Amino acid sequence: MTLKNRQLGFINKILPVSAVDGPGNRLVFFLQGCNLNCIYCHNPETISYCTACGKCIEKCGGCAIQSEKNKIVFHPAKCLNCGNCLENCIYNSTPKYFSYGYREIEKIIQNYSDFISGITISGGEPTMQPDLTSTILLIAKKKNKSAFIDTNANCDENVMEKLSCLFDKAMIDLKAFYSEEHIRLTGSDNSKILKNTAFLLKSKKVYEIRTVVFSEEKFMTDNILKIAEFIARLNKTVKYKLIVFRKEGTRKGHILKTPKDEYLSRLKKECAGIGLSNIAVN
Ligand code: SF4
Ligand code: SF4
(Lines give C-alpha, C1' and ligand atoms only; values in the text may rest on other atoms or scores of the structure.)
(Ligands and ions follow the chains in the order given, each with its own letter.)
Protein backbone atom coordinates (compact mmCIF):
# COMPACT_ATOMS: atom_id res chain seq x y z
CA MET A 1 0.00 0.00 0.00
CA THR A 2 1.42 3.41 -0.94
CA LEU A 3 1.64 6.25 1.58
CA LYS A 4 -1.08 8.14 -0.27
CA ASN A 5 -3.55 5.24 0.09
CA ARG A 6 -2.79 4.44 3.76
CA GLN A 7 -5.24 5.43 6.49
CA LEU A 8 -3.33 7.84 8.73
CA GLY A 9 -5.53 8.39 11.76
CA PHE A 10 -8.83 9.46 13.23
CA ILE A 11 -10.70 12.74 12.89
CA ASN A 12 -13.71 13.61 15.06
CA LYS A 13 -14.92 16.65 13.17
CA ILE A 14 -13.97 19.06 10.38
CA LEU A 15 -15.08 22.68 10.65
CA PRO A 16 -14.99 24.28 7.16
CA VAL A 17 -14.52 27.85 8.36
CA SER A 18 -13.71 29.15 11.84
CA ALA A 19 -12.82 32.67 12.94
CA VAL A 20 -11.81 31.65 16.49
CA ASP A 21 -9.11 29.00 15.96
CA GLY A 22 -6.25 31.32 15.00
CA PRO A 23 -5.96 34.37 12.72
CA GLY A 24 -8.29 34.83 9.73
CA ASN A 25 -10.69 32.24 8.38
CA ARG A 26 -9.45 28.75 9.13
CA LEU A 27 -10.32 25.20 8.20
CA VAL A 28 -10.13 23.20 11.45
CA PHE A 29 -9.49 19.48 11.87
CA PHE A 30 -10.51 18.14 15.30
CA LEU A 31 -8.60 14.91 15.89
CA GLN A 32 -9.90 12.05 18.04
CA GLY A 33 -7.98 11.09 21.19
CA CYS A 34 -6.39 13.05 24.03
CA ASN A 35 -3.81 12.13 26.68
CA LEU A 36 -5.24 14.47 29.33
CA ASN A 37 -8.62 14.23 31.08
CA CYS A 38 -9.35 17.80 32.18
CA ILE A 39 -12.17 18.29 34.65
CA TYR A 40 -13.48 21.21 32.58
CA CYS A 41 -13.16 19.55 29.15
CA HIS A 42 -15.77 20.95 26.72
CA ASN A 43 -15.44 18.03 24.27
CA PRO A 44 -15.09 14.96 26.52
CA GLU A 45 -16.24 12.69 23.69
CA THR A 46 -12.95 13.40 21.88
CA ILE A 47 -10.79 11.95 24.69
CA SER A 48 -10.95 8.20 24.03
CA TYR A 49 -11.28 5.77 21.17
CA CYS A 50 -14.50 3.76 20.93
CA THR A 51 -14.28 0.35 22.65
CA ALA A 52 -17.14 -0.98 20.49
CA CYS A 53 -19.09 -1.89 23.65
CA GLY A 54 -22.30 -1.26 21.71
CA LYS A 55 -24.14 0.51 24.55
CA CYS A 56 -24.98 3.58 22.45
CA ILE A 57 -26.74 1.51 19.75
CA GLU A 58 -30.00 1.15 21.72
CA LYS A 59 -29.97 4.86 22.64
CA CYS A 60 -29.83 5.96 19.00
CA GLY A 61 -33.27 7.01 17.80
CA GLY A 62 -32.06 7.40 14.22
CA CYS A 63 -30.62 3.86 13.85
CA ALA A 64 -27.39 5.60 12.81
CA ILE A 65 -25.14 3.28 14.83
CA GLN A 66 -24.67 -0.39 13.99
CA SER A 67 -22.33 -3.16 15.01
CA GLU A 68 -20.69 -4.99 12.14
CA LYS A 69 -18.00 -7.65 12.66
CA ASN A 70 -17.29 -6.39 16.22
CA LYS A 71 -16.82 -2.85 14.94
CA ILE A 72 -19.08 0.15 15.41
CA VAL A 73 -20.26 1.67 12.15
CA PHE A 74 -21.79 5.15 12.07
CA HIS A 75 -24.11 6.27 9.26
CA PRO A 76 -24.05 10.11 9.17
CA ALA A 77 -27.09 10.40 6.85
CA LYS A 78 -29.30 8.80 9.53
CA CYS A 79 -27.98 10.87 12.47
CA LEU A 80 -30.52 13.20 14.15
CA ASN A 81 -27.76 14.99 16.13
CA CYS A 82 -29.70 14.32 19.33
CA GLY A 83 -26.51 13.73 21.37
CA ASN A 84 -27.86 10.58 23.09
CA CYS A 85 -24.82 8.51 22.07
CA LEU A 86 -22.41 11.02 23.64
CA GLU A 87 -24.44 11.37 26.83
CA ASN A 88 -24.59 7.62 27.31
CA CYS A 89 -20.99 6.71 26.51
CA ILE A 90 -19.15 6.02 29.77
CA TYR A 91 -15.77 5.87 27.97
CA ASN A 92 -15.51 9.57 26.92
CA SER A 93 -15.89 8.54 23.30
CA THR A 94 -18.26 8.71 20.37
CA PRO A 95 -19.27 6.45 17.48
CA LYS A 96 -19.04 9.49 15.17
CA TYR A 97 -15.41 9.64 14.07
CA PHE A 98 -13.71 8.36 10.94
CA SER A 99 -10.27 7.39 9.71
CA TYR A 100 -8.68 9.46 6.93
CA GLY A 101 -5.87 9.06 4.43
CA TYR A 102 -3.72 11.46 2.39
CA ARG A 103 -6.01 11.71 -0.62
CA GLU A 104 -9.14 12.47 1.43
CA ILE A 105 -7.35 15.20 3.40
CA GLU A 106 -5.90 16.73 0.24
CA LYS A 107 -9.38 16.81 -1.31
CA ILE A 108 -10.94 18.48 1.75
CA ILE A 109 -8.24 21.17 1.86
CA GLN A 110 -8.57 21.70 -1.90
CA ASN A 111 -12.38 22.10 -1.60
CA TYR A 112 -12.10 24.91 0.98
CA SER A 113 -8.87 26.43 -0.27
CA ASP A 114 -10.46 29.54 -1.82
CA PHE A 115 -12.32 30.46 1.38
CA ILE A 116 -9.62 30.12 4.04
CA SER A 117 -6.35 31.78 5.00
CA GLY A 118 -5.09 28.91 7.09
CA ILE A 119 -5.53 25.48 8.63
CA THR A 120 -5.62 24.59 12.33
CA ILE A 121 -5.30 21.09 13.78
CA SER A 122 -7.06 20.78 17.11
CA GLY A 123 -8.54 17.99 19.14
CA GLY A 124 -8.41 15.89 21.07
CA GLU A 125 -4.64 16.24 20.90
CA PRO A 126 -2.84 16.54 17.53
CA THR A 127 0.57 15.39 18.80
CA MET A 128 -0.93 11.97 19.65
CA GLN A 129 -1.31 11.28 15.92
CA PRO A 130 1.96 12.61 14.45
CA ASP A 131 1.53 10.86 11.06
CA LEU A 132 -1.89 12.39 10.50
CA THR A 133 -0.90 15.78 11.90
CA SER A 134 2.29 16.06 9.84
CA THR A 135 0.40 15.05 6.69
CA ILE A 136 -2.24 17.78 7.22
CA LEU A 137 0.52 20.33 7.92
CA LEU A 138 2.47 19.33 4.80
CA ILE A 139 -0.61 19.60 2.56
CA ALA A 140 -1.48 22.98 4.13
CA LYS A 141 2.00 24.32 3.26
CA LYS A 142 1.77 22.83 -0.24
CA LYS A 143 -1.43 24.87 -0.72
CA ASN A 144 0.26 28.03 0.67
CA LYS A 145 -1.91 28.15 3.80
CA SER A 146 -0.69 29.06 7.27
CA ALA A 147 -0.52 25.93 9.43
CA PHE A 148 -1.30 26.00 13.17
CA ILE A 149 -1.71 23.38 15.86
CA ASP A 150 -3.83 23.74 18.99
CA THR A 151 -2.06 21.52 21.51
CA ASN A 152 -1.75 20.57 25.18
CA ALA A 153 2.02 20.04 24.45
CA ASN A 154 1.95 16.76 26.38
CA CYS A 155 4.19 14.72 24.09
CA ASP A 156 7.81 13.55 23.83
CA GLU A 157 10.21 16.36 22.93
CA ASN A 158 11.30 14.69 19.69
CA VAL A 159 7.67 14.56 18.48
CA MET A 160 7.20 18.27 19.18
CA GLU A 161 10.57 19.14 17.58
CA LYS A 162 9.67 17.29 14.36
CA LEU A 163 6.15 18.75 14.16
CA SER A 164 7.44 22.26 14.88
CA CYS A 165 9.42 22.15 11.62
CA LEU A 166 6.08 21.81 9.81
CA PHE A 167 3.76 24.23 11.61
CA ASP A 168 3.92 28.03 11.65
CA LYS A 169 2.57 28.55 15.16
CA ALA A 170 1.16 26.65 18.12
CA MET A 171 -1.69 27.60 20.43
CA ILE A 172 -0.88 26.01 23.78
CA ASP A 173 -3.22 25.15 26.65
CA LEU A 174 -1.14 25.46 29.81
CA LYS A 175 -3.50 24.36 32.56
CA ALA A 176 -1.31 24.64 35.67
CA PHE A 177 2.28 25.43 36.61
CA TYR A 178 2.57 23.23 39.71
CA SER A 179 2.63 19.50 38.96
CA GLU A 180 0.26 18.52 41.84
CA GLU A 181 -2.31 21.04 40.61
CA HIS A 182 -1.90 19.80 37.03
CA ILE A 183 -2.45 16.19 38.11
CA ARG A 184 -5.57 17.21 40.05
CA LEU A 185 -6.96 19.03 36.98
CA THR A 186 -5.99 16.66 34.18
CA GLY A 187 -4.86 13.34 35.67
CA SER A 188 -1.29 13.86 34.37
CA ASP A 189 1.99 15.49 35.35
CA ASN A 190 3.09 18.57 33.35
CA SER A 191 6.88 18.12 33.02
CA LYS A 192 6.79 17.41 29.24
CA ILE A 193 4.30 20.27 28.75
CA LEU A 194 6.56 22.85 30.43
CA LYS A 195 9.62 21.64 28.47
CA ASN A 196 7.78 21.72 25.13
CA THR A 197 6.24 25.13 25.87
CA ALA A 198 9.67 26.55 26.73
CA PHE A 199 11.11 25.05 23.53
CA LEU A 200 8.34 26.55 21.37
CA LEU A 201 8.59 29.95 23.07
CA LYS A 202 12.36 30.04 22.47
CA SER A 203 11.81 28.96 18.84
CA LYS A 204 9.25 31.81 18.34
CA LYS A 205 6.62 29.24 17.38
CA VAL A 206 3.90 30.27 19.83
CA TYR A 207 0.79 32.15 18.70
CA GLU A 208 -0.80 32.20 22.16
CA ILE A 209 -0.81 30.44 25.54
CA ARG A 210 -4.13 29.91 27.32
CA THR A 211 -5.21 29.03 30.85
CA VAL A 212 -8.78 28.36 31.98
CA VAL A 213 -9.79 30.44 35.02
CA PHE A 214 -12.40 28.48 37.00
CA SER A 215 -12.11 29.83 40.55
CA GLU A 216 -11.31 33.02 42.45
CA GLU A 217 -9.42 31.21 45.22
CA LYS A 218 -5.76 31.81 46.09
CA PHE A 219 -4.54 28.63 44.34
CA MET A 220 -5.98 29.95 41.04
CA THR A 221 -4.29 33.36 41.41
CA ASP A 222 -0.97 31.71 42.39
CA ASN A 223 -1.19 29.37 39.39
CA ILE A 224 -1.89 32.11 36.86
CA LEU A 225 0.87 34.37 38.19
CA LYS A 226 3.39 31.52 38.19
CA ILE A 227 2.52 30.76 34.54
CA ALA A 228 2.82 34.48 33.70
CA GLU A 229 6.33 34.52 35.29
CA PHE A 230 7.30 31.40 33.31
CA ILE A 231 6.16 32.97 30.01
CA ALA A 232 7.70 36.38 30.80
CA ARG A 233 11.13 34.79 31.39
CA LEU A 234 11.08 33.46 27.80
CA ASN A 235 8.98 35.90 25.75
CA LYS A 236 7.27 38.96 27.24
CA THR A 237 5.30 39.84 24.10
CA VAL A 238 3.58 36.53 23.35
CA LYS A 239 -0.20 36.55 23.86
CA TYR A 240 -1.38 35.11 27.19
CA LYS A 241 -5.12 34.43 27.14
CA LEU A 242 -7.14 33.95 30.32
CA ILE A 243 -10.09 31.78 29.30
CA VAL A 244 -13.16 32.35 31.43
CA PHE A 245 -14.65 29.01 32.54
CA ARG A 246 -18.18 28.42 31.23
CA LYS A 247 -20.03 25.30 32.18
CA GLU A 248 -21.88 24.63 28.88
CA GLY A 249 -20.75 21.34 27.33
CA THR A 250 -18.72 20.22 30.36
CA ARG A 251 -19.36 17.02 32.30
CA LYS A 252 -21.68 16.96 35.31
CA GLY A 253 -20.51 16.74 38.91
CA HIS A 254 -17.75 19.37 39.10
CA ILE A 255 -17.89 22.45 41.33
CA LEU A 256 -16.06 24.90 39.05
CA LYS A 257 -17.26 28.51 38.87
CA THR A 258 -17.27 31.30 36.31
CA PRO A 259 -15.09 34.06 37.83
CA LYS A 260 -16.38 37.62 38.14
CA ASP A 261 -15.17 40.46 35.89
CA GLU A 262 -13.48 42.30 38.80
CA TYR A 263 -11.35 39.25 39.62
CA LEU A 264 -10.37 38.80 35.96
CA SER A 265 -9.39 42.48 35.63
CA ARG A 266 -7.24 42.18 38.76
CA LEU A 267 -5.53 39.05 37.39
CA LYS A 268 -4.87 40.76 34.07
CA LYS A 269 -3.29 43.74 35.85
CA GLU A 270 -1.08 41.46 37.97
CA CYS A 271 0.10 39.54 34.87
CA ALA A 272 0.99 42.89 33.26
CA GLY A 273 2.89 43.80 36.45
CA ILE A 274 5.02 40.68 35.93
CA GLY A 275 6.01 42.01 32.50
CA LEU A 276 3.63 40.46 29.96
CA SER A 277 2.50 43.00 27.37
CA ASN A 278 -0.19 41.05 25.49
CA ILE A 279 -2.86 39.70 27.83
CA ALA A 280 -6.40 38.88 26.73
CA VAL A 281 -9.47 37.81 28.68
CA ASN A 282 -11.94 35.74 26.74
S1 SF4 B 1 -26.48 11.91 17.81
FE2 SF4 B 1 -25.90 9.80 18.27
S3 SF4 B 1 -27.71 8.87 19.23
FE4 SF4 B 1 -28.40 10.74 18.18
S5 SF4 B 1 -29.06 10.03 16.15
FE6 SF4 B 1 -26.91 10.67 15.94
S7 SF4 B 1 -25.73 8.80 16.26
FE8 SF4 B 1 -27.82 8.39 17.02
S1 SF4 C 1 -19.23 5.24 21.41
FE2 SF4 C 1 -19.07 4.69 23.58
S3 SF4 C 1 -21.03 3.63 24.06
FE4 SF4 C 1 -20.85 3.69 21.81
S5 SF4 C 1 -19.89 1.74 21.28
FE6 SF4 C 1 -18.25 3.24 21.46
S7 SF4 C 1 -17.50 3.06 23.59
FE8 SF4 C 1 -19.53 2.04 23.49
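Trainee: Which residues are the closest to ligand 2, and how many surround it?

Mentor: In this predicted model, 14 residues surround ligand 2. The closest are C50, C53, K55, C56 and C89.

Trainee: What makes a residue of the shell around ligand 2 nonpolar, polar or charged, and how do the residues divide?

Mentor: The class follows from the residue type: Cys counts as nonpolar and Lys as charged. The shell around ligand 2 divides into nine nonpolar, four polar and one charged.

Trainee: Which residues are the closest to ligand 1, and what does its shell hold by class?

Mentor: Ligand 1 is surrounded by 13 residues, and C60, G62, C79, C82 and C85 are the closest. By class, its shell has seven nonpolar, five polar and one charged residues. Gly counts as polar.

Trainee: Why are α4 and α6 called roughly parallel?

Mentor: The axes of helix α4 (residues 157-164) and helix α6 (residues 191-202) cross at roughly 25°. Angles under 35 degrees count as roughly parallel, and α4 and α6 are therefore roughly parallel to each other. Their axes come within 10 Å, and the crossing is right-handed.

Trainee: Which residues make the contact of α4 with α6?

Mentor: On α4 they are E157, M160 and S164; on α6 they are K195, N196, F199 and L200. By class, the contact has three nonpolar, two polar and two charged residues.

Trainee: What makes α7 roughly parallel to α8?

Mentor: Helix α7 (residues 218-234) and helix α8 (residues 261-274) have axes that cross at roughly 30° and come within 9 Å. The cut-off is under 35 degrees, so α7 is roughly parallel to α8. The crossing of α7 with α8 is right-handed.

Trainee: Which residues of α7 and α8 make the contact, and how do they divide by class?

Mentor: T221, I224, L225, A228, E229 and A232 come from α7, while L267, E270, C271 and I274 come from α8. These residues divide into seven nonpolar, one polar and two charged.

Trainee: How do you know whether the radius of gyration agrees or disagrees with that of a compact globule?

Mentor: The rule is 2.2 Å times the number of residues to the power 0.38. For 282 residues, a compact globule would have a radius of gyration near 19 Å; the protein has 19 Å, so the value agrees. Along its principal axes, the C-alpha trace spans about 60 × 45 × 30 Å.

Trainee: How many helices and strands does the protein have?

Mentor: Its secondary structure comes to eight helices and eleven strands.

Conventions. Residues numbered from 1 in each chain as written. Chains lettered and ligands numbered in written order. Predicted model: local features only at pLDDT ≥ 70, side-chain atom pairs only at ≥ 80, totals over all residues. Near = placed C-beta within 6 Å. Axes fitted to C-alpha atoms, helices over the stretch in contact; angles between N-to-C directions. Helix = DSSP H or I, 4+ residues; strand = E, 2+ residues; numbered from the N terminus. Parallel < 35°, antiparallel > 145°, perpendicular 65-115°, else oblique. Left-handed = near helix turned anticlockwise from the far one by under 90°. Contact = placed C-beta atoms within 7 Å.
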